[in-house]
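Subject: Handover of a structure and the findings from it

Dear colleague,

Please find the structure for your study below.

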Amino acid sequence: MNEWETDKPGIKKAWYHLSYIDNDIMVFIEYLTASVERQVEGFTFELEPYQDIEDQKYICEKIGMDFCQALGQAVNRDGNTESLIIMLDDFQEIITDDVVNLVETILSYMPENVRMFMSTKGTLPGFVDKLALSGDALVVTAQDLAFNKKETEDLAADMNILEKINGDASYIWEYTEGWPAGIMFIYLYVRQSQGKLALSQDNMPHIYNETRIQEFLMYNLFRKLPYEIQSFLTGTALLEYLSADVCNAIMDIRNSAGILNYMIQEGLFVQKIEGRVQTYRYHSLFRRFLVGQLSDEEKKNRCTRIAAFFLNSSQKEQAAEYAILAGNMKILGLMLESVGAEILEEGKIQTVGRWLEVLEQGEELSARNSILAGIYYWKQGRKELADSYFERGMEKADQSDNRKDYVFGLKVETRIFQEERKYFEAEEILEKALKEKIKKYSYRWFALAYMYAENILYLQEEEKAVQVLSEIVRKKETGGNSLKTAEIKEEAEGLLGVLQMETAEDWNQEEEKLSTCFEKIPVSREIFLWKRLSAMEKSGNISYQILEEMLGKLNPVDKSGAYGVHCRILLGYLMYKKGKFIEGGKQIIAGMRVLEKRKYRICPMPDKKRICSRFYIMDAAGGHLQEGIYHLTAECFGKFGMYILETGEEIPWRTKKARECVALLLHMQPRSLTREELLSMLWEDEEVPKQEVAALHNLLSSIRKSLSPYGLGDLIQYQGKKYFLKEGYITSELPYMRRAAQMAKDGNTQEILKLKKMLQEFYNKSYMAGMDSPWARTERSYFERWIYEGLMIIARDTMEQKNYEEAEQWCSIAMKAEPFMEEPLVMTFQCFARLKDRKSLNMVYQQQKELMERETGENLSAYVVKAYEEALEECRRD
C-alpha cells in the first residue's frame, strides 16, 4: 500500500488498526472519523447528536448513512483527492454485532469514489459472503496472499539482502511456505546479521529460532485462542496429517470434526489437503511452534497414543514411525509382524530395513521378524546374512512350537528358491516339512501341500502334481480351519481338472465352465491354454483365427507365469508355421525376452528351440521384423549356415567356395575388402586360379543365383572398389561372441556377466567349423581362448558370491571347453567341499583321472591331487 501511495498520490488511504476497545459503536466511529480526517481535507463528523439514541439498530442505520453522506461530500470537495480507501486492519478483534452491523451499513451507503479494505486473522463477517456473491466484494485468502518463489526473491532484492543470501531465496520460500510475515521476519534477521548467510535445509531451523516468529505466533495468535483450542493444537501437533477420527482417538474427545472446521474458518494455519476427504495439516512453521510447547515426556506419550491408533488402522506404516519417535519397540515389532512382508512386496525395502535396525537395537527380534529380516537382506543381495536370519527365525518358531510363523518362513524360503530357479531345493524343504514338521491333514498341511504342487509344476512334474492335488481334494481336514481348508481344496480341485485335461470336444465350452477356476487360480488359465495349443499342434488342425483369439486371452507377457510365457512362444511358433511370419515372430521374441530376463531353465519345446533361438538372436542384434523382405540369420558357431527366418530354409550354396566367400564377408564386417584382399584370403592356402578375376566373378554370380529366389541377389555390394555385405539384412551371434571375448580379454567382469546366455549357448561350438582357411583358424583359436576365460570369470564371480551350485555348473562348462585345464577342476573340488557333496567330488575326481590317463597317458598333477584331498577333508569335517 505504501508503494501504491507513492505512485498514485490522488488515492488516499485511511488506515484504522482495530483492537478490543473498538467493540463500542461510538469508539469505533470516533477513531474511524479520525483516520479519515488525516487523509481528506475538510472532513468532519460530529458524534454528539447520536449519543442519546438508545435504539442500537436505529443508531447503526443513522450513523452509517450520515457518515457516508458527509464523507462523499468531503471527498468531492477536496481537490487533492481522487478517491479514498478505508483500511480496517485486524477485523478479528471486532466481536460485537453492533459494530459489525454498523460496518455493513456503511458499506451499503458507501460513496462511489470510496472503497473499503478489511483484513482479518479469523473469519470474515457474514455479510461479506452476500457481497461476494453479488459481485460487490472480492475475498482474497491467505493462500492467495502467499508469496511465490519469484516474489520471495524480488522482496529480498528490494530489501538489498539478496547478495547476503547468495542470490538464493528458495530455502526461505520453501521453509515458510510463502507466508509473508514469516518471510519478513527472516529477512529482517538477515538484514541485521553480519556477513553472508549460507542457507540450507539444515540451518533453516536455527534461523527460525533466531527470529521473532515464535513470539509473534505466541502473542498475536496462540494466547488469544480459547483454552480448548490451545489444548487441541498442542495435543495434535505431532500429527503430520489430521483427520477427525485420529484426533478423537488421541485426544479422547468426540468433537474433533467441529474443531477442525472452526480452525479452517478462523484461518488458524490449518490447510485442507486436496484430494483427501476431510484431511488437514498444519502450516509447517506453526506446527514447529506447537511442538515446541510440548515437553519431552508429553511428546513420548502423544507419539505412543498415535502409534497405538495407527496400529489398529489401515495406516500401519504410520504406527511404525510414531512408535520409533516414542521409543516404543513393542508397537514397532507388532506392526512389522502384521504387515512387514506386504510392505516389502510393495518395494519399500529401505524403509523396512530402517525399522528392523531400530527394532533390533531395542529388543530381540521375534521369529516372524527374524524371517522378515531374512527377506530384507535377501532382497539386498546379502545372501549369507539372509540365511542366518532365516535360520534364526525358523529355529525360534520351531522351539516355541509356533506353527504359524514356521509355515510363514517355509513359504518365504520356497518363494525365494523359486525366484532363484532352485525348484529342487524348494521341493526338498516342502517335502521335509510335510513329512516331519506339520501335522498331516491340518490346515497348514493343506496350505503347504498346495504350494508343493505349484512348485513341482515349475519342474513339469505333472504326474506328481496330480497325485498331491488328488490327496488334497480327497482328504478331510483335522484342525479347526475348515473354511480356509475348503478354499484350498476348491482351488486344488480346479487346478487338478485342468492338469488332467488332454483334449476336449468343445474347448470354448470347457473354458466357459472353468471361468470361476481361472479367476481364483490364474495359473490354471495358462495351463488350460497350453493344453489347448498342444492338442491343436498334435492334431495338426491349426486355425489362425483361433490362434488370434487365444492370443487375446493371454496375460501381458511381463505378467505371465512360466506356462503363460511358453504358451506365447508356442502360439507364435504355430502362427509362424501357418505362414504368419511377422505376427508369429513378434510373439516368439516377446516370450524369449521374458525367458532371458527371468532366466528360466526349463523349455517345454526342445524341438522348436532352433527356430526360437534364431528369432531371439535377430532381436538381440537389433534386427526388426518387416513386411516385404526376407530375414536372414547366420550361424557362425558350429557349421556355418545361413537361413531364411520366415521358412527355416537353409540357403543352398552351389559350391563350398561360395559358402566360404559369404562367411568371409560376414566375418570381416564392418570392414569391406578389395578384390585383391578377397582373392588372397579365399585362396590363401591354395593356388589362385589363373583367370582370377573371372573366377571371382563366377563365384559372386553363383552366390547371387543362390540368393535371388529370395529377393536377396544384391546382398553382396560392390562400392568404391570394395566388396561388403548389405547392412541390416543378416543377424548372427557373432557380434555378441566378439564382445564377450573382448570383455574376457579386458577382464571386465560386469560386462561378461551380461553375456552369460551367449557364452552358455555357444561355448562348445567351434567358430566356422569345417572351414580350414587361415583366417577361420586364427579366429577360432582366439575365441576358444577367450571364451574359456569368460567362463572362468563367471565361475570365479559366482564362487565369490558363495553361490557354489552355480559356480560348479560354470566350472563344468569351462572343463568341457578346455578339458585339461586345472583351475576349473580345482574350483569344482572346492564347490563340492562347500556343498558337503562328497559323492559328486569323488565322481568328478575319478572321471578326470580316467580322462587324463586315456587321452594323455599321464596322471593328474600333484597340485590337483592335493586340492582333491583338501576338499575331501573339508567334506569329512562335518
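What radius of gyration does the protein chain have, and what would a compact globule of 878 residues have? The protein chain has 42 Å, whereas such a globule would have a value near 29 Å. The radius of gyration is taken over C-alpha atoms, and the globule rule is 2.2 Å times the number of residues to the power 0.38.

Please note the basis of these values. This is a predicted model, in which local features need pLDDT of at least 70 and side-chain atom pairs count only at pLDDT 80 or more, while totals for chains, interfaces and linings use all residues. Residues are numbered from 1 along each chain as its sequence is written, and side-chain values use heavy atoms, with hydrogens and water left out.

Overall picture

The C-alpha trace of the protein chain spans about 130 × 80 × 65 Å along its principal axes. The protein chain contains 44 helices and 11 strands; helices (H or I, at least four residues) and strands (E, at least two) are DSSP runs, numbered from the N terminus. Of the 878 residues, 48% count as buried. Buried means under 20% relative accessible area, exposed means over 50%, and partly exposed lies in between, with a 1.4 Å probe and protein chains only. Among the contacts in the protein chain with a separation of 6 or more, 63% come from residues 24 or more positions apart; contact means heavy atoms within 4.5 Å.

Strands of a sheet pair through backbone hydrogen bonds, either parallel or antiparallel. Two strands count as paired if DSSP finds at least two bridges between them.

Strand β6 (residues 632–635) pairs with β7 in the antiparallel sense over 4 bridges, and A634 has M642 in β7 as its bridge partner. The hairpin of these strands has 5 residues between them, and G638 there takes a positive phi near 95°. From strand β7 (residues 641–644), G641 and Y643 point one way and M642 and I644 the other, and all are buried. With β11, strand β6 pairs in the parallel sense over 3 bridges, and T633 stands opposite T731.

The sheet of β8, β10 and β9

Another open sheet of 3 strands has the order β8-β10-β9, with antiparallel pairing. Its edges are β8 (673–674) and β9 (716–719), each with a single partner strand, so one side of each is left without a neighbour in the sheet. Strands β8 and β10 (residues 722–725) are joined by 2 bridges, and T674 stands opposite K722 in β10. Helix α34 (residues 656–668) lies across β8, β9 and β10 and runs at about 90° to β10.

Leaving out residues up to four places away in sequence, I703 touches W653, A658, C661, V662 and I716. The C-alpha atoms of I703 and P652 are 9.5 Å apart, although 51 residues separate them along the chain.

Helix α42 and the cysteines

The buried residues of α42 include L825, F829 and C831, and its buried residues pack against α40 (774–800), α41 (804–817), α43 (838–855) and α44 (862–877). Just after α42, K836 takes a positive phi of about 60°.

How many disulfides are there? The count comes to 0, a disulfide being a pair of cysteine sulfur atoms within 2.5 Å. The sulfur of C811 is 5.1 Å from the closest cysteine sulfur, in C831, which is too far for a bond. C811 is buried, at 0% relative accessibility. For C60, the closest cysteine sulfur is in C68 at 13 Å, again too far for a bond. C60 is also buried, with a relative accessible area of 4%.

Yours sincerely

Methods. Axes are lines fitted to C-alpha atoms, for helices over the stretch in contact, and angles run from 0 to 180 degrees between N-to-C directions.
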